[in-house]
Amino acid sequence: MYFLVKQEGQRKALIARDASAARRVGKGFETDDVVKGVFTCFVFESANAPGVPEEGLPTTIKEFFAWVRAWDADLSTQIQHRLGADRSYLEREGCVIAFNTPIGRFGVMFWLDTKHRLGFRLAPKRFRNYLHNAGAGTNVVRLRLDDISPAYIHSRNLEYPSLTGKGLTLIGCGAIGGYLAQALVRLGAGTGKNGVLRLIDFGRLEPDNLGRHALGFPALHQNKAEALKDDLLRQFPYVNVEVETTSPRLNDAFFSTDLVIDATGEEALSTLVNAAHMKHRLGPMLYVWVKGNGECVQGLWSDSDKYGCFQCLRHGIGPNYRQERFQILDSPPRKQFRGCSSYTPYAVSAPMSAAALAADMVSDWLKHEVSPRFRTRYLETADAKRIRNQDIAPTTNCPACQHR
Ligand SMILES: [Zn+2]
C-alpha cells in the first residue's frame, strides 16, 4: 500500500504492507501525519540490473515501456499483463510502478488521464491500449526509493546472518545493558518472524546513573527497561521489544529464548542466574561485566558441559574455595561513598567496551565460532595481570555445574 508521510514540511511517499506498519514507520519519523496516497502502487522484481539507454532515462510512458522491454523482457510482460488485467489502479488518480533490482530500488509515477481512466474503468485492457497510443506521451516522474526494511537495514553491514528471527533475553539494563541493547537491535534483534528482544530490569534510572548510561534526562526516574524500550522504538519503530520490570523467576520460561545475556555486572546475581541456568540449560548464556575500576572488561560464553560455567571462574569446594581462578587485580577495586551507599567508579568507556565485547561475542555466535568463550579486553594503561582468551575447563567441584 502507498502512503504519504509528512514530516516537518517534507513529504515522503511510503510503501508499506498495511496501515499499521505505515503508522509505525511514521512514529519513527516522529509524525502522526500518515495518510493513504491517491496512487496505486505496483512493486515488481527483476534479477537483471537495468542499464541507462543512450537517449537518456525515460520521461514519457512510451519511453518507459521501451526501456523496461530492453532491460528485462519477462518484467515487461508482467507489467503489461498487470496494466491490462487489474482494474483497481483505474480507480485512483495516479500509478506508481516500483522495482526491486540487484542495484537497488527505484520507480516511476504517472497521472492517469481522468476521462480515459473513468471511461475504461471496467476495461483495463483498453486503458493499457490508450497508454500505448493516444496516451503514449503521458509524462512519468522517476522516483528514488530507499529500502528501509529491517531485513536490509540490519544485514547490509554484516557478512554473516543477523539476529533476525532470534529470541534474546537481556537481564540488566544498566550501563552495560543500555549500550548492549542498542548494539543488539542494530544487529537485527527483535526483527523478523518470532524475533524478540526481552529486556529485564526492576531498577529506575537515577541521577547517579546518568554519567555512564546510554539513556539521558528524558528517562530519569523511569524504569530502565521501559525507558530503554521507548528509546529503541524511537530509533527503530518496528522492533519487537518486551519488558519485565520485576525480578524474574529463573525457570524454563526465563531460559527459553535462543540466547540469554546477563549484563547486570553483579557477581552475586550472576551466580544465581548461573545456578538456575545449569539446572534448566535450554540454550547458551553470555555473561559480561566490568572488572575493578575499569582495568578490563570480561565476557563468558556458557553453552556446554565441556566448558566452565560462570561459577567456574572461582575455585570449587575444597582448598581455595571461592578464590578467583584467573586473578587479574592485586587489590579490590577502589570504592566511593555517597550518603549510605558505595559504588565503584569507572568512566563511561568501560561499560561501552563491555557492551562492544558482548556484541562481538554475539556476532561470533552468529558465525558459529563462539570460541574463545572466556575473553578479557584491557584498558591499554591498566595495571593488571594479563590472562589469555581461552575456553576454560570446569573447575573441580564447582558447586553449580559439578554437583547436580
Ligand atoms: Zn561450574
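**Close-up views of a predicted model**

**View 1. Salt bridge between Arg17 and Asp18.** At 66% relative accessibility, Arg17 counts as exposed in this predicted model. The side chain of Arg17 meets that of Asp18 in a salt bridge, with an N to O distance of 3.8 Å. Asp18 is partly exposed, its relative accessibility being 27%. A search of the whole structure gives 15 salt bridges.

**View 2. Domain arrangement of the protein chain.** The domain assignment divides the chain into domain 1 (38-148) and domain 2 (155-378). Their C-alpha centres are 51 Å apart.

**View 3. Salt bridge between Arg82 and Asp86.** The closest N and O atoms of Arg82 and Asp86 lie 3.0 Å apart, forming a salt bridge. Arg82 is partly exposed, with 34% relative accessible area, whereas Asp86, at 18%, counts as buried.

**View 4. Salt bridge between Asp360 and Arg377.** Asp360 and Arg377 form a salt bridge in which the closest N and O atoms are 2.7 Å apart. This pair links distant parts of the chain, 17 residues apart: Asp360 belongs to helix α10 (residues 349-366) and Arg377 to strand β16 (residues 374-378). Asp360 is partly exposed at 33% relative accessible area, and Arg377 is partly exposed at 32% relative accessibility.

**View 5. Salt-bridge network of Asp303, Arg373 and Asp391.** Salt bridges link Asp303, Arg373 and Asp391 in a network.

**View 6. Cysteines Cys309 and Cys312.** Cys309 counts as buried because its relative accessibility is 1%, under the 20% limit. Cys312 is likewise buried, with a relative accessible area of 0%. The count of disulfides comes to 0.

Conventions. Residues are numbered from 1 along each chain as its sequence is written. This is a predicted model: local features need pLDDT of at least 70, side-chain atom pairs count only at pLDDT 80 or more; totals for chains, interfaces and linings use all residues. Side-chain values use heavy atoms; hydrogens and water are left out. Domain bounds come from an automatic or database domain assignment. A disulfide is a pair of cysteine sulfur atoms within 2.5 Å. Buried means under 20% relative accessible area, exposed over 50%, partly exposed in between (1.4 Å probe, protein chains only). A salt bridge is a side-chain nitrogen of Lys or Arg within 4 Å of a carboxyl oxygen of Asp or Glu. Helices (H or I, at least four residues) and strands (E, at least two) are DSSP runs, numbered from the N terminus.
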